[in-house]
Number of protein chains: 2
Amino acid sequence: MKLETMVKQRAVLEEEQGEEEAMEMRRLELWKHEKRDGFHPPPPTAAAPPPMPACDEATLVPPLNFAMVDDGIFRSGFPAAANFRFLKSLNLRSIVYLCPEPYPETNTEFLAKNGIKLHQFGIEGRKEPFVNIPDEKIREVLKVVLDERNQPLLIHCKRGKHRTGCVVGCLRKLQNWCLSSVFDEYQRFAAAKARSTDQRFMELFDISSLKHLTPSHC
Amino acid sequence: MKLETMVKQRAVLEEEQGEEEAMEMRRLELWKHEKRDGFHPPPPTAAAPPPMPACDEATLVPPLNFAMVDDGIFRSGFPAAANFRFLKSLNLRSIVYLCPEPYPETNTEFLAKNGIKLHQFGIEGRKEPFVNIPDEKIREVLKVVLDERNQPLLIHCKRGKHRTGCVVGCLRKLQNWCLSSVFDEYQRFAAAKARSTDQRFMELFDISSLKHLTPSHC
């Protein structure tokens, strides 16, 4: 399914942006394709591979606090233009954006060019002691995140610490992770900025109405 | 391929350990199967699902410093018996163990029961300033890690900070991540225990001889 999407994206690219960008897209497609087929070294009799560009040109810059959450689910802080080449390599179908501020034009253009759908959930990034995390909104976010039709997807807020951390924490509860492991993961990203209010929110977050979305049906 | 492995594992389980464990394995298989097919809610007309065990029974305890590195590649600290149910849910084919100490009997038994192959690379966990990270051994580790026939796999050392952090850092270099992102990720797991010698090792690690293992062929 992912490969089909790539072919579609490539056709759109070739039409809209010319051959150069389509060439780059094909190279990224090769990445994914070869990854799925295995990383095995070529047999000794294989012909030498065609010359490739120098590695410096291919350097990828993941967004701040980037990490893989699960198959097809990534998390990060706000992606800047410097991260776009890296994001392309993820073959994203959607971005789940957790801030109320409008999405920047550069980012919106990047999404349009690459056929990536934006799901925005405006959650205020309040600091303690004025935190009021909208339980119902997090529930809606999780429905979008867990719907495989939206994957691969990237969840991000501003720093990838609090709002993103809470969403991922609630997802881990749905995956039946024990609470101390949920907190460990939250703290790994929030570090010195970890908030006890966020952790209390995750602890009290009621997952019962979302059970049907989980793989365990528990 | 993963599903085939699961079926084989189940047959072995049924033969060796009786119906109870095989039932549990089937439940885990259902997890993965349903995950691949999507997390969509059942249609309103669907019959009620069969009763499942209470959630408390299903609570999973990931090992210390557990995280997903990439498709089919996980990292963590040393798994204890409390983590075995969680590890089962990952459907691992291999464990890449980075310490010279013999693998504990309980863990070896768990691996044997579940058809998981152990790849041990005895790297000393020396502290600064006596660090001497074996370049060639890390290279051998990466060959095993990047071979899809060994995946899904878990890389672990004792704390999941230094030896595991170096292996993952070198893997990120192969994926063309910029060095500051490689260091960010290393520090997220090592936190206050981050070592400048580890970071220097990752910076100087020569990936040129491993390029054929990467998806980019760069």
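Which are the buried residues of α6(B)? They are Arg163(B), Thr164(B), Gly165(B), Cys166(B), Val167(B), Val168(B), Gly169(B), Cys170(B), Leu171(B), Arg172(B), Lys173(B) and Leu174(B). The model described here is predicted.

## Helix α6 of chain B

Helix α6 of chain B runs over residues 163–174. From its first C-alpha to its last it reaches 17 Å, close to the 16 Å expected for its 12 residues at 1.5 Å a residue. Because 12 of the 12 residues are buried, α6(B) is largely enclosed by the rest of the structure.

The packing partners of these buried residues are β1 (67–70), β2 (73–76), α5 (135–146), β5 (153–156), α7 (179–190) and α8 (196–204) of chain B. Just after the helix, Asn176(B) has a positive phi of about 70°.

## Helix α5 of chain A

Helix α5 of chain A covers residues 135–146. Its end C-alpha atoms lie 17 Å apart, which agrees with the 16 Å that 12 residues should span at 1.5 Å a residue.

The buried residues in α5(A) include Ile138(A), Arg139(A), Val141(A) and Leu142(A), as well as Val144(A), Val145(A) and Leu146(A). Among the elements that cover them are β3 (94–97), β4 (117–120) and α6 (163–174) of chain A.

## Cysteines

Over all chains, the structure holds zero disulfides. For Cys166(A), the closest cysteine sulfur is in Cys170(A), 6.5 Å away, which is too far for a bond because a disulfide needs the sulfur atoms within 2.5 Å. Cys157(B) is likewise in no disulfide, and the nearest cysteine sulfur, in Cys99(B), is 5.5 Å from its own.

Cys166(A) has 3% relative accessibility and so counts as buried. Cys157(B) is also buried, with a relative accessible area of 3%.

## Aromatic rings

The count of aromatic pairs over all chains is 18. Phe66(A) and Phe74(A) form a stacked pair, because their planes are at 20° and their ring centres 5.7 Å apart. Phe66(A) is buried at 6% relative accessible area, and Phe74(A) is buried at 7%. Phe78(B) and Tyr97(B) make an edge-to-face pair, with 5.4 Å between centres and 80° between planes. This pair links distant parts of the chain, 19 residues apart: Phe78(B) is in the loop between β2 and α3 (84–89), and Tyr97(B) is in strand β3 (residues 94–97) of chain B. Phe78(B) is partly exposed at 25%, whereas Tyr97(B) is buried at 1%.

Ring pairs also join Phe66(A), Phe74(A), Phe86(A) and Trp177(B) into a cluster.

## Charges over rings

The charged end of Arg172(B), one of the buried residues of α6(B), sits over the ring of Trp177(B), 4.2 Å from its centre. The charged end of Arg75(B) sits over the ring of Phe189(B), at 3.6 Å from the ring centre.

Definitions and conventions
Residues are numbered from 1 along each chain as its sequence is written. Chains are lettered from A and ligands numbered from 1 in the order in which they are written. This is a predicted model: local features need pLDDT of at least 70, side-chain atom pairs count only at pLDDT 80 or more; totals for chains, interfaces and linings use all residues. Side-chain values use heavy atoms; hydrogens and water are left out. Helices (H or I, at least four residues) and strands (E, at least two) are DSSP runs, numbered from the N terminus. The expected span of a helix is 1.5 Å times one less than its number of residues. Buried means under 20% relative accessible area, exposed over 50%, partly exposed in between (1.4 Å probe, protein chains only). Contact means heavy atoms within 4.5 Å. Rings of Phe, Tyr and Trp (its six-membered ring) pair if their centres lie within 6.5 Å; planes under 30 degrees apart count as stacked, over 60 as edge-to-face and the rest as tilted. A charge sits over a ring if NZ of Lys or CZ of Arg is within 6 Å of the ring centre and within 35 degrees of the ring normal.
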